[in-house]
Amino acid sequence: MRCEEAASLMPAYLEGELPEAKRLELEEHFSSCFTCSRKLEELKRNRELLSRERDNILKAPRMLMEGVLEQVRKEKEILRKRARMLKTGFLGIVFTLGAAILTVLFKRKRHQPERR
Ligand SMILES: [Zn+2]
């Protein structure tokens, strides 16, 4: 087998698509040809890098989605806390105002007979 043929068969070899006979022929060439066996290693490494890259690209949208959902969850929690604080604050103001009005009314009632 010549180097050109070996090179052209490498992708199919890495995919495991070569017929048994061709595969053995190619492996025999690799064992005797340093250039081709190095080329094969390079090709293998590139394919691994590529598939890792592809995995990362596929994972990215999901990670982004999870990040967004987490952010939404946090903001909902903050909004809920703020609403609770507002409610408590509002009740406090109502209570204070009510107490002040009652005090004024009570004092006025008590003072009214003395004015006459
Ligand atoms: Zn070769």
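**Exercise 1.** What radius of gyration does the chain have, and what would a compact globule of 116 residues have?

*Solution.* Begin with the kind of model: this one is predicted, with local features needing pLDDT of at least 70, side-chain atom pairs counting only at pLDDT 80 or more, and totals for chains, interfaces and linings using all residues. Residues are numbered from 1 along each chain as its sequence is written. Next, take the rule for a globule, 2.2 Å times the number of residues to the power 0.38, with the radius itself taken over C-alpha atoms. For 116 residues, a compact globule would come out near 13 Å, but the chain has 40 Å. Finally, look at the C-alpha trace, which spans about 125 × 25 × 15 Å along its principal axes.

**Exercise 2.** Find the helices and say how confident the predictor is in them.

*Solution.* Helices are DSSP runs of H or I with at least four residues, and strands are E runs of at least two, numbered from the N terminus. The chain has three helices and zero strands.

**Exercise 3.** Describe how H1 and H2 meet.

*Solution.* The axes of H1 (residues 3–15) and H2 come within 11 Å and cross at roughly 120 degrees. The contact (C-beta atoms, placed from the backbone, within 7 Å) involves Ala6, Leu9 and Tyr13 of H1, together with Lys22, Arg23, Leu26 and His29 of H2.

Definitions and conventions. Axes fitted to C-alpha atoms, helices over the stretch in contact; angles between N-to-C directions. Contact = placed C-beta atoms within 7 Å.
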